[in-house]
Amino acid sequence: MTSSRPAALIVEDQPFVGLVASDILRESGFQTFHAYDAAGAAAVLNEHPEIEVVVTDAELTGEVTGVELCRRVSQERPEVQLVLTAAGSAPTDVPKGARVLRKPYASGELKTLVASKSLLLES
């Protein structure tokens, strides 16, 4: 079943943080999907080509970091908006086009970053 709502993937290895991000985006009209690592994110992206936004923690557990995940997504699906969330210092090797959101962030900060691409406007 496809939805007319924009879709976002939240990749976060801390379930509560991912739940909060999901709630924020659902309040903004998004359908949300979840993954806990880069491998899970790749599977969700393959299964759901309608995903327009990926919000990922920069420091995921596992072999592939959130920064590397963003790099791969930007190469394979350049139309997808990328948001990297980072606790502590921001990563220096952020892929072109990705935006960095420092943790902890307010709900309005995530909404503003995602809405800045006009994804919430009907075409």
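Which element gives the most to the lining of the largest cavity?

**Before starting.** This is a predicted model, in which local features need pLDDT of at least 70 and side-chain atom pairs count only at pLDDT 80 or more, while totals for chains, interfaces and linings use all residues. Residues are numbered from 1 along each chain as its sequence is written, and side-chain values use heavy atoms, with hydrogens and water left out.

**Stop 1: the sheet.** Select the five strands, which form an open sheet with parallel pairing in the order S2-S1-S3-S4-S5. Strands (E, at least two residues) and helices (H or I, at least four) are DSSP runs numbered from the N terminus, and two strands pair if DSSP finds at least two bridges between them. Strand S2 (31-35) and strand S5 (99-102) stand at the edges with a single partner strand each, so one side of each has no neighbour in the sheet. On average, neighbouring strands are turned by 20° against each other, direction ignored; the axes are lines fitted to C-alpha atoms, and angles run from 0 to 180 degrees between N-to-C directions.

**Stop 2: S1 and S2.** Next select S1 with S2: they run parallel and are joined by five bridges. Leu-9 stands opposite Phe-33 in S2. Four of the five residues of S2 are buried, so S2 is largely enclosed by the rest of the structure. Buried means under 20% relative accessible area, exposed over 50%, and partly exposed in between (1.4 Å probe, protein chains only).

**Stop 3: S3, S4 and Val-83.** Five bridges also join S3 to S4, again running parallel, and Val-54 stands opposite Leu-82 in S4. Now select Val-83, which lies in strand S4 (residues 81-86) and is buried, with a relative accessible area of 0%. Leaving aside residues up to four places away in sequence, Val-83 touches Val-54, Val-55, Thr-56, Arg-99, Leu-101, Leu-110 and Leu-113; contact means heavy atoms within 4.5 Å. Val-83 and Arg-99 are 16 residues apart in sequence and 4.8 Å apart in space, C-alpha to C-alpha.

**Stop 4: the cavity.** A search of the whole structure finds one cavity of 30 Å³ or more. A cavity is a set of points on a 1 Å grid over the protein atoms alone where a 1.4 Å probe fits but cannot get out, and lining residues have an atom within 4 Å of a point. Points are joined across faces, edges and corners, and a volume is the space filled by probe spheres set on them. The largest cavity has a volume of about 40 Å³. Select its lining: Ile-10, Val-11, Glu-12, Val-17, Ala-21, Val-55, Thr-56, Asp-57, Thr-85 and Tyr-105. Strand S1 (7-11), helix H1 (15-27) and strand S3 (51-57) each give two or more residues to this lining, and S3 gives the most, with three.

Notes
On a 1 Å grid over the protein atoms alone, a cavity is a set of points where a 1.4 Å probe fits but cannot get out, and a pocket is an open set with protein on both sides within 12 Å along at least five of seven lines; lining residues have an atom within 4 Å of a point.
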